[in-house]
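Please read it alongside the sequence and coordinates shown here.

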Amino acid sequence: MKSASPGSASRVGGVRAVALCLVSVAAAGAGLVLPAVLGRALDALLAHGSASRWVPACAGLIALLAVLDAAQSVLTGTVDARAAASLRHRTLGHVLAVGPRAAARLGSGDLVARLVGNAAQAGTAPAARAALLAALAGPVGAVVALALLDLRLAAVFLAGMPVLVLLLRVLARDTSACVTDYQRVQGRIATALAEAVGGHRTIRAAGVERAEAARILRPLPELSRAGHRMWRVQGRAAAQAVTVAPLLHLGVLATAGALLARHRLSVGDVLAAARYAVLATGVGVLVGQLSALARARASAGRLDEVLAQPAPVHGTRRLPAGPGRLELRGVTARRGERVVLDGVDLDVPGGTTLAVVGRSGAGKSLLAALAGRLAEPDAGEVLLDGVPLRELTHDELRGAVAHAFDRPALLGTTVEDTIGLGLPGPSPARLRQAARTAQADAFVRRLPLGYATALADTPTSGGEAQRLGLARAFAHGGRLLILDDALSSLDTVTEARVTDALLGAGPTATRLLIAHRAATASRADAVAWLDGGHLRAVGPHAELWRDPEYRAVFGEEAG
């Protein structure tokens, strides 16, 4: 997957955005022509001449403005929706490519808030830029029109322009800072809410529902302060601009009146000048567009923080024919500041089963993730049949390695979908054979529609979910099968049957098994014993069992 560069979230748009920009500028241009045409029509009527040219022209311009306004509304909605969808697709793809590190750094709730709310707000940037261009074209064109009527009219207006420019600049700066603070607090609330939803059973069991609600909502006063500060900034800027704008308007009108008295301007010219003065002082529109653009840029900045996290880069190599030999060479991996695995060297011969054991926090799951490139080592490299994993293409790597987890995510529409996840057109026979191997076939057949039962209508226990996850791994195939505590929720009888199928004569794939039970470790060809981030020993379970510290890894089973 091609990684996104920081700042890319603010560069969205396309043909429709260009069309919106052209339509907005055309509408601004038509709005600038209309006062001049109205002025000519008024002069013709006052002179008792023929206004047959100017009145239809006024009607045509008004009709054109109505059509352009409708087109602008349709294009704005379309551009906003498409830009938000593009940002969500790009950011979600990047989050999935980065993996658990994205949620670990930002929090799952904050990630969801960025993908949903911030992407929608950032998606308004192309339309906001087009509207801002049109909002700027109006005042600039109006000043030019005033100069064409009489240079003194433009000079009077331009004398007060520096004040307006300064106000708009301060508004853009302060609004962006306020919006960033507001969205940051929103992200904290979303993260706390996601944590509470994930741990709802623990919360109910402890009877701390009110305390948790208070914890989640604790940042609300800060959110309120940030929101009030944001609206105060915008309100203050609008009030200051509205104070300055009428003075400029009056100055232009007074100058136009003096020129009318001296017969330098006609009545129609004064009418046009009055309208151009209003357009030139259209600060309210500019304030609104600048605020919208500032909010969009602040949201895009929060998406860029996600996109800035480096995603894995895949190579171009394919695997040679081989038995699935797995090698870890000098692998070191950290989680934050803590070194979890330190200089691990491991060689798993192809077609064999290696059980990885160790106390909690020894790095077993991280080693399993590194073996399938679900995580990246900070030093060293992982090889499969002599090829570094980072040099393999994405499809080659994912086709060669199958995973099963302790808490598998059951994705798809039906049970059959979740077993065949990631497989291009798997046959029903293959999926059912995998389910039988995982001891899942019997309970699936008891469902209302069997394998066609919707997942939403399939409540599963922890053990049943694990069996479906195992079935998915077995259906996937490949030359390396990684089971990360994937048997932990199975009862002893089911675990024994799955282990028999897994370690029997049939499978030829190399198997890396995270084991917590001595009975499971004893069935493996060899055991890798992790202790304190180091590989303490590798050997048959029977030999390691002689060490009291090894037996202590299994707790009561060693007694």
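Thr332 counts as buried because its relative accessibility is 10%; buried means under 20% relative accessible area, exposed means over 50%, and partly exposed is in between, with a 1.4 Å probe and protein chains only. Thr332 belongs to strand β1, residues 326–335. Helices (H or I, at least four residues) and strands (E, at least two) are DSSP runs, numbered from the N terminus. The model is predicted: local features need pLDDT of at least 70 and side-chain atom pairs count only at pLDDT 80 or more, while totals for chains, interfaces and linings use all residues. Residues are numbered from 1 along each chain as its sequence is written, and side-chain values use heavy atoms, with hydrogens and water left out.

A polar atom of the Thr332 side chain lies 3.0 Å from the backbone nitrogen of Gly343. A polar contact is a pair of N or O atoms within 3.5 Å; within protein, one must be able to donate a hydrogen and the other to accept it, and residues adjacent in sequence count only if both atoms are side-chain atoms. Leaving aside residues up to four places away in sequence, Thr332 touches Val339, Leu341, Asp342, Gly343, Pro377, Asp378 and Ala379, where contact means heavy atoms within 4.5 Å.

## Salt bridges

Side chains of opposite charge can pair when their charged atoms come close. A salt bridge is a side-chain nitrogen of Lys or Arg within 4 Å of a carboxyl oxygen of Asp or Glu, and by this rule the count comes to 21 salt bridges. One of them joins the side chains of Glu396 and Arg318, at 3.0 Å from N to O. Glu396 lies in helix α14 (residues 394–400) and Arg318 in the loop between α12 (283–307) and β1, so this pair ties together parts that are 78 residues apart in sequence. Glu396 counts as buried because its relative accessibility is 15%, whereas Arg318, with a relative accessible area of 57%, is exposed.

Another salt bridge connects the side chains of Asp385 and Arg479, at 2.5 Å from N to O. This pair links distant parts of the chain, 94 residues apart: Asp385 is in the loop between β4 (379–384) and β5 (387–388), and Arg479 is in the loop between α18 (462–476) and β7 (480–484). Both Asp385 and Arg479 are buried. The side chains of Glu327 and Arg329 also meet in a salt bridge, at 3.1 Å from N to O. Glu327 is buried, with a relative accessible area of 7%, while Arg329 is partly exposed at 42% relative accessibility.

Strand β3 (residues 353–358) pairs with β9 in the parallel sense over five bridges, and Leu354 stands opposite Ala526 in β9.

The pairing of β9 with strand β10 (residues 534–539) is antiparallel and also runs over five bridges. Here Asp531 stands opposite His534 in β10. β9 and β10 form a hairpin with two residues between them, and Gly532 in the turn has a positive phi of about 65 degrees.

## Aromatic pairs

A search of the whole structure finds four aromatic pairs. The rings of Trp545 and Tyr550 have centres 6.3 Å apart and planes at 85 degrees, so this pair is edge-to-face. Rings of Phe, Tyr and Trp (its six-membered ring) pair if their centres lie within 6.5 Å; planes under 30 degrees apart count as stacked, over 60 as edge-to-face and the rest as tilted.

Tyr550 is buried, with a relative accessible area of 0%, and Trp545 is partly exposed at 25%. Tyr550 also forms an edge-to-face pair with Phe554, at 5.3 Å centre to centre and 75 degrees between the planes. Phe554 is buried, with a relative accessible area of 6%. Ring pairs link Trp529, Trp545, Tyr550 and Phe554 into a cluster.

## Cysteines

The structure holds zero disulfides, a disulfide being a pair of cysteine sulfur atoms within 2.5 Å. Cys21 is partly exposed, with a relative accessible area of 22%, whereas Cys58 counts as buried at 8% relative accessibility.

Methods. Pairing = 2+ DSSP bridges.
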